[in-house]
Amino acid sequence: LNLISLLFDCNAKELLSGPLHPGAFHGGVRTRVNAATQQVHVDIDEDRFVAMAIPKACDLMDSERAKCIALLMAALKVRPQHHMVRYNLACAHSLDGNAELALKFLLTAVQHGYKNLDAILSDEDLAHARADDRFSKILAALEPQTEKVAKSQAAPIDVEPCKEETSP
């Protein structure tokens, strides 16, 4: 319910305790009520839901970082292997000054397939994490993947982290 509340800027618990119509939420979330027990069931299209959660979290990254982190952590529970969720958690924790958590999430993002070395090296949100001595471990983990791409001449993943065009 917390993930639904954050994603749709609503009080999901309140909405789900009132009269419901099937499909009360849009975009990957369906609700249904068992008439006999009055229990509410929430069905989530996990991939679509996480795809919606990432840009929403990025919108919250500068203004409401705690909500941003909560939304990304909830998305991580839905899709624990999702490298973009992990990358954006690294950004949020780095902005909070928590290099240890930022590096943990950045390393696991790389381990789960994040390959955009340019973003890792230039993303202003990761500046605090890059200043930490342990940052070189992330580069070392990324290096074998970068070599494989260069050898096969395959194009790098074209997924960019969600960022504003201009920095404050």
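This is a predicted model: local features need pLDDT of at least 70, side-chain atom pairs count only at pLDDT 80 or more; totals for chains, interfaces and linings use all residues.
Analyst: A residue is buried if its relative accessible area is under 20%, exposed if over 50%, and partly exposed in between, with a 1.4 Å probe and protein chains only.

User: What is the pattern of the protein along the sequence?

Analyst: The pattern reads α-α-β-β-α-α-α-α-α-α-α, built from 9 helices and 2 strands.

User: What makes H3 roughly antiparallel to H4?

Analyst: Helix H3 (residues 46-60) and helix H4 (residues 65-78) have axes that come within 9 Å and cross at roughly 165°. Angles over 145 degrees count as roughly antiparallel, under 35 as roughly parallel, 65 to 115 as roughly perpendicular and the rest as oblique, so H3 is roughly antiparallel to H4. The angle runs from 0 to 180 degrees between N-to-C directions, with axes fitted to C-alpha atoms over the stretch in contact. The crossing of H3 and H4 is left-handed, the term for a near helix turned anticlockwise from the far one by less than a right angle; clockwise would be right-handed.

User: Which residues make the contact of H3 with H4?

Analyst: H3 gives Glu46, Val50, Ala53, Lys56, Ala57 and Leu60, and H4 gives Arg65, Lys67, Cys68, Leu71, Leu72, Ala75 and Val78. Contact here means heavy atoms within 4.5 Å. These residues divide into 9 nonpolar, no polar and 4 charged. Ala, Val, Leu, Ile, Met, Phe, Trp, Tyr, Cys and Pro are the nonpolar class, Asp, Glu, Lys and Arg the charged one, and the others, Gly among them, are polar.

User: Why does Lys67 count as partly exposed?

Analyst: Lys67, in helix H4, has 40% relative accessibility and therefore counts as partly exposed. Its C-alpha atom is separated by 10.0 Å from that of Lys56, 11 residues apart along the chain.

User: Why does Met52 count as partly exposed?

Analyst: Met52 lies in helix H3. Its relative accessibility is 22%, so Met52 counts as partly exposed. The C-alpha atoms of Met52 and Ala75 are 9.6 Å from each other, and the two residues are 23 apart along the chain.

User: How do you know that H4 and H5 are roughly antiparallel to each other?

Analyst: Their axes come within 10 Å and cross at roughly 155°, so H4 and H5 are roughly antiparallel. The crossing of H4 and H5 is left-handed. Contact residues include Cys68, Leu72 and Leu76 of H4 and Val85, Leu89 and Leu95 of H5. By class, this contact has 10 nonpolar, 2 polar and 2 charged residues.

User: What makes H5 and H6 roughly antiparallel?

Analyst: Helix H5 (residues 83-95) and helix H6 (residues 99-111) pack at about 160°, with axes 7 Å apart. That angle makes H5 and H6 roughly antiparallel to each other, and the crossing of H5 and H6 is left-handed. Among the residues in contact are Tyr87, Leu89 and Ala90 of H5 and Leu101, Phe105 and Leu106 of H6. The classes in the contact of H5 with H6 are 8 nonpolar, 4 polar and 1 charged.

User: Why is Asn98 called partly exposed?

Analyst: Asn98 has a relative accessible area of 29%, and is therefore partly exposed. Asn98 sits in the loop between H5 and H6. Leaving aside residues up to four places away in sequence, Asn98 touches His93 and His128. Asn98 and Ala129 are 31 residues apart in sequence and 7.8 Å apart in space, C-alpha to C-alpha.

User: How much accessible surface does the protein have?

Analyst: About 9800 Å², of which 52% belongs to carbon and sulfur atoms. The areas come from the Shrake-Rupley method with a 1.4 Å probe.

Key. Residues are numbered from 1 along each chain as its sequence is written. Side-chain values use heavy atoms; hydrogens and water are left out. Helices (H or I, at least four residues) and strands (E, at least two) are DSSP runs, numbered from the N terminus.
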